[in-house]
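User: I am new to this structure and would be grateful for a close look at a single part. Please examine the salt bridges.

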Amino acid sequence: MLTRLDLSVFCPADLAICQGVFDQICAKRTIARATEEAKLTANAVLVLFQLGFIEESELFVAAIRFIDRNGGWRKSSPSENPAGRRGAGLRRRAGVEQWCHKP
């Protein structure tokens with residue numbers, strides 16, 4: 001079972017997925033990098049990744065849905081209900097070794 005500490009560790013592959021999704025959202029929504037909206041977007045992407053949206057396409061859709069459901073941005077957290085159905089159909093990590101350690 002993964003602990004809270006395990007879920008806070010990102011390997012380079014994890015960060016590459018999150019960065020790619022963040023870049024796509026910023027381009028699609030014309031979000032400038034040095035804005036509060038960009039910070040909120042980055043936070044949402046990272047939290048959603050930690051919640052189990054580990055495929056790039058699923059993460060992108062979940063982040064866009066979360067942003068849209070919050071009217072752009074308001075004070076809330078992706079952990080409240082990121083995809084409209086908490087926990088349904090999430091592909092969760094099997095273990096830390098799956099992230100970045102190769103046998």
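Analyst: The model is a predicted one, and the chain averages a pLDDT of 75, with 62% of the residues scoring at least 70. Among the elements of the chain, helix α2 (residues 12–29) has the highest mean pLDDT, at 95. The structure holds 2 salt bridges.

One of them joins Asp23 to Arg33, with the closest N and O atoms 2.5 Å apart. This pair links distant parts of the chain, 10 residues apart: Asp23 belongs to helix α2, while Arg33 lies in the loop between α2 and α3 (36–51). Asp23 counts as partly exposed because its relative accessibility is 29%, a value between the 20% and 50% limits. Arg33 is exposed, its relative accessible area being 54%, and the limit for that class is over 50%.

The salt bridge between Arg29 and Asp68 has its closest N and O atoms 2.8 Å apart. Here, too, distant parts of the chain are linked, with Arg29 in helix α2 and Asp68 in helix α4 (residues 56–69), 39 residues apart. Arg29 is partly exposed at a relative accessible area of 27%. Asp68 is likewise partly exposed, with a value of 45%.

Helix α5 (residues 96–100) has the lowest mean pLDDT among the elements, at 40. Over residues 83–103 pLDDT stays under 50, and for this stretch the model has 37 contacts beyond four places in sequence.

Notes
Residues numbered from 1 in each chain as written. Predicted model: local features only at pLDDT ≥ 70, side-chain atom pairs only at ≥ 80, totals over all residues. Heavy atoms only, no water. pLDDT = per-residue confidence, 0-100. Helix = DSSP H or I, 4+ residues; strand = E, 2+ residues; numbered from the N terminus. Contact = heavy atoms within 4.5 Å. Salt bridge = Lys/Arg side-chain N within 4 Å of Asp/Glu carboxyl O. Buried < 20%, exposed > 50% of the residue type's maximum accessible area, 1.4 Å probe, protein only.
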